[in-house]
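Here's a quick briefing to read with the sequence and the 3D view side by side. Take a look at the model first, then come back for the notes.

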Amino acid sequence: MPAQICIVIPAYNEEHAIGQTVRDYRQVFPDARIVVIDNNSSDRTSEIATEVLDPAKDLLLFEPRQGKGAAVKAGLSRLSADIYIMTDGDGTYPAADAARLVRMLLERRCDMVVGDRLTGGIYMKQNTRAGHSFGNWFLTRYISYLAGQKFSDVLSGLRVMSRPFVNMLDIRSSGFQLETELNIVAAYVRASIVEEPISYLQRSEGSESKLNTIRDGFRIIWFALLNWIAFYPLHAFGIIALFAFFISALLGVAVFAVFFRLGYMPYSATAVAAAAAGLVGLQSLFTGLNLRITGRNMRRQDIARLVESRRLWNEHIDQ
C-alpha cells in the first residue's frame, strides 16, 4: 500500500489558476486527496474548484478568516495522511517538482522538504516586483540568523511535510508569516529539513500576488522576532542585558571619575542612571536564564515526542 498523500492548496481569488493547478497535481498524484481552501474569495474560485475536484475523496473548504496561515491550518485539520504537500493555488509551483520532493522525503526520511526558488535564480528571473526579490533575500538571512540555522528560501510556498512534523504544528500565524513559522518551529524541535532547488512558473494571466512587500514584510519580521524571543529567551534577554551593562559601565566611568577627583561621591543623576542600568541588566540576565531553564525541559519533551512519532511513521512507511 503506497503512502497516503494529502495536497493542501490555499486559494484566494485564484479563479484564473486554481483549475489548472488542481488538474496538474491530480495528474501527477492520482491517488492523493486534495483539499482546496477558499480563503474568503470574492471571485469564482470555489465554483471552479468544485468542477475539478473529485467529490469522492477531495474536499473544498471555505475559511472566512483572511490569511494563508488560517487557510492552511483549516486544511491540515481536515485530512489525515502520511505525507502532506502544501502548494499555492496560483500555478507557480509545478506538480513534477512536488513529486521530486516527495521522493526525496521518502528516501531521506526527513521531516520537511522545501522547494528552493532562490538558489538557481529562477525566482529572480520570473518575479517582476523588485521588492519581492529583495524581501526574500533579506528575510531568508534574517530568519536564518534568528533560528540559528542557515536556510536558502524561507518564504517558499511549496513544502512537503511528514505526518510527525505536521502533528507537532500549532499554527499561530494568520497570514504570510506561515512559512516563517514552519522554519522557526522546525529549527526549534530540531526537525530534519532539506531544501531542494525547484522551478518557479509565471503566474497565469489575471492572477496577482497577494503579498504586500512593505506591510507583510514588516509583519513577518515582527512575527519572527516574537518567536525568537519565545523559543530562545536567553539570546534575546542576553542582548538586552549586555546593552544595559554597557550603558551602566559608560555612566559608571563618569561617576568614578568624579569620585576620584573630589574624594567623595555627591548625589547625581548619572550615578542613579548607572545603577538603574546595571539593575536592568541583572534582571534581564536572570529572566533569560530562568526562561531558558524552564523552556529547555519543554523543548526536550517536544523533541522526544517528534522522535517517537517519527519512529512510528518510519515503521509504517517501511511496511
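The notes below cover salt bridges, a helix pair and a surface patch.

This is a predicted model, where local features need pLDDT of at least 70 and side-chain atom pairs count only at pLDDT 80 or more, while totals for chains, interfaces and linings use all residues. Residues are numbered from 1 along each chain as its sequence is written, and side-chain values use heavy atoms, with hydrogens and water left out.

**Salt bridges**

- Searching the whole structure turns up 15 salt bridges (a side-chain nitrogen of Lys or Arg within 4 Å of a carboxyl oxygen of Asp or Glu).
- Glu196 and Arg100 pair up through their side chains, at 2.9 Å from N to O. Glu196 sits in strand S7 (residues 193-197) and Arg100 in helix H4 (residues 95-108), so this pair ties together parts 96 residues apart in sequence. Helices here are DSSP runs of H or I with at least four residues, strands are runs of E with at least two, and both are numbered from the N terminus.
- Arg100 is partly exposed at 25% relative accessibility (buried means under 20% relative accessible area, exposed over 50%, partly exposed in between, with a 1.4 Å probe and protein chains only).
- Arg109 bridges to Asp318, with the closest N and O atoms 3.0 Å apart. Arg109 is in the loop between H4 and strand S5 (112-116) and Asp318 is in helix H11, so the pair ties together parts 209 residues apart in sequence. Arg109 is partly exposed at 24%, whereas Asp318 is exposed at 56%.
- Arg310 meets Asp111 at 2.8 Å, N to O. Here helix H11 supplies Arg310 and the loop between H4 and S5 supplies Asp111, 199 residues apart. Asp111 is buried, at 1% relative accessible area.
- Lys68, Asp88 and Glu179 are joined in a salt-bridge network.

**Helix packing**

- H10 (residues 233-262) packs against H11 at about 160°, with the axes 7 Å apart. The axes are lines fitted to C-alpha atoms over the stretch in contact, and angles run from 0 to 180 degrees between N-to-C directions.
- That angle makes H10 roughly antiparallel to H11 (over 145 degrees).

**Nonpolar surface patch**

- Phe245, Leu279, Leu282, Phe286 and Leu289 make up a nonpolar surface patch with about 470 Å² of accessible area together. Patch residues have over 30% relative accessible area and no salt bridge, and nonpolar side chains (Val, Leu, Ile, Met, Phe, Trp, Tyr) are joined within 5 Å.
- Helix H11 (residues 269-318) gives the largest share of the patch, 4 residues.
- Leu289 lies in H11 and is partly exposed at 34%.

Note on methods: Patch = residues over 30% accessible without salt bridge, like charges linked within 9 Å, V, L, I, M, F, W, Y side chains within 5 Å. Areas by Shrake-Rupley, 256 points an atom, 1.4 Å probe, with all protein chains shown as cover. Parallel < 35°, antiparallel > 145°, perpendicular 65-115°, else oblique.
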